[in-house]
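Biologist: Before we discuss how the labels were assigned, could you show me the sequence and the structure?

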Amino acid sequence: MTSQSSFFDSPPGNNSAPLANRMRPETLDEFVGQSEILGEGKLLRRMLVADSIKSIVLFGPPGCGKTTLAKIISNTTQSYFETINATASGIADIRACIDNALKRMSSRNEKTIVFIDEIHRFNKIQQDALLPFIENGVITLIGATTENPFFELTPALASRTTIFTLKPLSAAEVGTIINNALTDAKKGVGGRGIVATEEAILALAAASDGDARVALNALELAALTTLPDSNGKINITFDVVSECIQKRIVKYDKGQDEHYNTISAFIKSIRGSDPDAALYWLAKMIYCGEDPKFIARRMVILASEDISNAQPSALTLAVATFNAVEVIGLPECQLNLAQCAVFLALSPKSSTSMDGLFAAMEDVKKMPRASVPAHLTISPSQEDKPEYKYPHNYPAGYVRQQYLPDALAGKKYYVPKEIGYEKRLADYLKSITLQSEMKGGANN
């Protein structure tokens, strides 16, 4: 086995390293959680056991085990293992990594596994630089990301990797990790007279939000800052744990019901034109660590679903907000989110475009073979083909003629509301209809 020292390594026997780093599992048997992809017979486990890793991307929230899996691979693989942190590396680092991999391949036929943490930080040029060497087998890529790879990775790179989704650890799994740290005398805090109540462990597990690192950091802080009792024991209680958790415990089980309930309340508050409630639910999501891009995406959808042409600029602002979130990030982007949420909440609401689309889709399902009217086709073969009337040749750029299939002629899908900008669209629709009727409507 060949490996290179990396950012997740600690010097042997280094008890000054953070507890979360010392407690990283070194084998699959020590790993806690992710049974959906690491259980017996599962694909990723088979790849690890057989040392036949193909290029993969590990996608999941912080503290769920992405880097730990990379460490396990580095401990077991016969390939050379190299690490790159995308936040501190550029195209020159990638080229140097590739050059070294090529030398190892040509000189001793040794494969190279490259672990790239936070791979979503790489731009398109940096991602594209990896492609040919993944394809020809010079390197095997293991990427780790907290962002959805289908959004953050280029399609070309995503298509050349197998994406594994890791879930937040359950409270029970985090509890297991805490207990392991309390009993492990070599890597953890076992044998040091540290006693944690069950209530304290449960509180730590619940407050960690599925992030083992958060739980272990809080446990270590509690152990370091609590004075021993008269018997020399360090008693970690619920009150001690509460002081060591930087955020007050808020019910927000990200990835579970409360996560979806909160975003639902946020969207429904905007739909209901309540800016105060919208700001409250937005604040809760930001406070609890929700991905700001997830919030921004939902507002982009809402802008068309619930506001639409009643206020066309809503979509413009929502898209601009999403772009701002991508460029700026937290904490500053929370200001962009707040501005957009208030504007959307106070915009006139209309679902007519969506309703019209869905009604039209129902007719498409019923009559999927409805033909295009002859005068709208491009086929020159019909000698008696009706004349297509070019609207720009008529006053006001409009002339009445049939655009729907014969079976649906006269059907109305879009019924605008008399509200906001949509009222102007409704007025225009009425005016051209009236104009056509006054001229006799002969151009059906």
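**Helix packing, cysteines and a loop residue**

Modeller: Helix α16 passes α17 in a left-handed crossing, where left-handed means that the near helix is turned anticlockwise from the far one by less than a right angle, and right-handed that it is turned clockwise. This is a predicted model, in which local features need pLDDT of at least 70 and side-chain atom pairs count only at pLDDT 80 or more, whereas totals for chains, interfaces and linings use all residues. Residues are numbered from 1 along each chain as its sequence is written, and side-chain values use heavy atoms, with hydrogens and water left out.

Biologist: Why are α16 and α17 called roughly antiparallel to each other?

Modeller: Helix α16 (residues 313–328) and helix α17 (residues 333–345) pack at an angle of about 165°, with their axes 9 Å apart. Angles under 35 degrees count as roughly parallel, over 145 as roughly antiparallel, 65 to 115 as roughly perpendicular and the rest as oblique, and α16 and α17 are therefore roughly antiparallel.

Biologist: Which residues of α16 and α17 meet?

Modeller: With contact taken as heavy atoms within 4.5 Å, Ser313, Ala314, Leu317, Ala318, Thr321, Ala324, Val325 and Ile328 in α16 meet Cys333, Asn336, Leu337, Gln339, Cys340, Phe343 and Leu344 in α17.

Biologist: What makes α9 and α10 oblique to each other?

Modeller: Helix α9 (residues 171–183) and helix α10 (residues 198–207) pack at an angle of about 125°, their axes being 8 Å apart, and α9 and α10 are therefore classed as oblique. The contact is made by Ala171, Val174, Gly175, Ile178, Asn179 and Leu182 of α9 together with Ile201, Leu204 and Ala205 of α10. The crossing of α9 and α10 is right-handed.

Biologist: How do you know that Cys340 is in no disulfide?

Modeller: A disulfide is taken here as a pair of cysteine sulfur atoms within 2.5 Å, and by this rule the count comes to zero disulfides. For Cys340, the nearest cysteine sulfur, that of Cys333, is 12 Å away.

Biologist: Why does Cys340 count as buried, and why does Ala88 count as exposed?

Modeller: Buried means under 20% relative accessible area, exposed over 50%, and partly exposed in between (1.4 Å probe, protein chains only). At 1% relative accessibility, Cys340 therefore counts as buried, and Cys97 is likewise buried, with a relative accessible area of 3%. Ala88, found in the loop between β3 (80–85) and α5 (91–108), has 67% relative accessibility and so counts as exposed.

Technical notes:
Axes fitted to C-alpha atoms, helices over the stretch in contact; angles between N-to-C directions. Helix = DSSP H or I, 4+ residues; strand = E, 2+ residues; numbered from the N terminus.
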